[in-house]
Amino acid sequence: MAYETLLVEVEDDVAVVRLNRPEALNALNQKLMRELAEALAALDADPAVRCVVLTGSDKVFAAGADIREMSQKSFVEMFTEDFFTPESDAITRVRKPVIAAVAGYALGGGCELAMMCDFIIAADNAKFGQPEINLGVVAGIGGTQRLTRLVGKSKAMDMHLTGRFMDAAEAERAGLVSRVVPAKNLMEEARAAARKIAEKSALTTMVVKESVNRSYETTLREGLLFERRAFHALFATEDQKEGMAAFVEKRTPQFRDR
Ligand code: CO8
């Protein structure tokens, strides 16, 4: 499937989705958000894909929502169009693991999009920010909520109120990104992480995602119960039998997603 704003390639069980609006630093317009939601839904349903890497270019992941497209909109238009809500919801509904590989700027909606992914691998030239305050607005697709959960109130307030950018080292210290790698190795590292995930049982990876994401939605007691039920339920799968038998027999497991 060809897209106007994305490049998609699938190799070795891994899909790489590249945001591709170089003329606007990959700014997120409605076309891109719709195509991204559509592409991710298609990859989620594609048996040839076991993990997805979402990335931009060497210089920019995404410089935020498209300011030109939004600048003249009224409240009524934003509200009735439900601007970016259906697309954002669709992106967060993907059940396969999605890794964000971020080089350069991930600002505003770009930072929010990266945070919708399951984890972020950052190049050492990455810069994260929520500069919406400089435009007279606030983050609109999760920035005040997800950044606060990831880095805590103090740093989230700092980022949203000053609009300053955070470099990759600070983002790693703060827990926004899982690892920082040299910029030239970003895609190699992201693909290797994705291939490692692709070797696991697809059933188990989905359960891991559901269980970790549950921690955002519920109390500790309920989350622990959810996790325990998930753990017990996996004993109904062939992959649990295979995984444990392979350990005992000192061999590599052959998972079959059953
Ligand atoms: N939207 C549209 N065009 C953009 C954007 C953007 N977000 N960012 C950059 N561009 C365009 C520039 O206008 C310029 O175009 P042209 O060459 O035609 O003049 C081109 O990209 C290159 O940009 P610069 O010349 O500015 O490049 P620099 O290297 O000097 O600067 C920066 C790079 C620092 C990234 C700078 O471009 C910048 O500050 N961009 C804006 C960042 C920003 O404010 N992002 C937040 C946007 S608001 C947002 O994301 C809200 C999300 C929630 C929406 C959902 C609502 C429900």
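User: How many salt bridges does a search of the whole structure find?

Analyst: The search finds 15 salt bridges, the term meaning a side-chain nitrogen of Lys or Arg within 4 Å of a carboxyl oxygen of Asp or Glu. This is a predicted model, in which local features need pLDDT of at least 70 and side-chain atom pairs count only at pLDDT 80 or more, while totals for chains, interfaces and linings use all residues. Residues are numbered from 1 along each chain as its sequence is written, and side-chain values use heavy atoms, with hydrogens and water left out.

User: What makes the contact of Glu9 and Arg191 a salt bridge?

Analyst: Their side chains meet at 2.9 Å, N to O, and the definition asks for a nitrogen within 4 Å of a carboxyl oxygen, so the pair qualifies. Because Glu9 lies in strand S1 (residues 6-11) and Arg191 in helix H9 (residues 186-198), the pair ties together parts that are 182 residues apart in sequence. Helices (H or I, at least four residues) and strands (E, at least two) are DSSP runs, numbered from the N terminus.

User: Why is Glu170 called buried, and which residue is its partner in a salt bridge?

Analyst: Buried means under 20% relative accessible area, exposed over 50%, and partly exposed in between, with a 1.4 Å probe and protein chains only. Glu170, at 11% relative accessibility, therefore counts as buried. The partner is Lys155, with the closest N and O atoms 2.6 Å apart; Glu170 belongs to helix H8 (residues 168-174) and Lys155 to helix H7 (residues 153-162), 15 residues apart. Lys155, at 25% relative accessibility, counts as partly exposed.

User: Why does Glu242 count as buried, and what does its side chain meet?

Analyst: Glu242 has 17% relative accessibility and so counts as buried. Its side chain meets that of Arg251 in a salt bridge of 2.8 Å, N to O, and Arg251, at 35% relative accessibility, counts as partly exposed. Elsewhere, salt bridges that share partners join Lys155, Asp158, Arg164 and Glu170 into one network.

User: How do you know that the buried residues of helix H12 are on the same side?

Analyst: In H12 (residues 238-248), the buried residues are Asp239, Gln240, Glu242 and Ala246. They cover an arc of only 165 degrees around the axis, which puts them on the same side of H12; the arc is that of the directions from the helix axis to the C-beta atoms. These buried residues pack against helix H10 (202-217), where contact means heavy atoms within 4.5 Å.

User: What is the span of H10, and what is it set against?

Analyst: H10 has 16 residues and reaches 23 Å from its first C-alpha to its last, close to the 22 Å expected at 1.5 Å a residue. The expected span is 1.5 Å times one less than the number of residues. The buried residues of H10 are Thr205, Lys209 and Ser211, and they pack against strand S5 (98-102), H9 and helix H11 (220-233).

User: In what order do the four strands of the open sheet stand, and what kind is the pairing?

Analyst: The order is S4-S6-S8-S9 and the pairing is mixed; two strands pair if DSSP finds at least two bridges between them. Strand S4 (60-62) and strand S9 (165-167) are called edge strands, as each pairs on one side only. S4 and strand S6 (residues 105-107) run parallel and are joined by two bridges, which meets the requirement of at least two.
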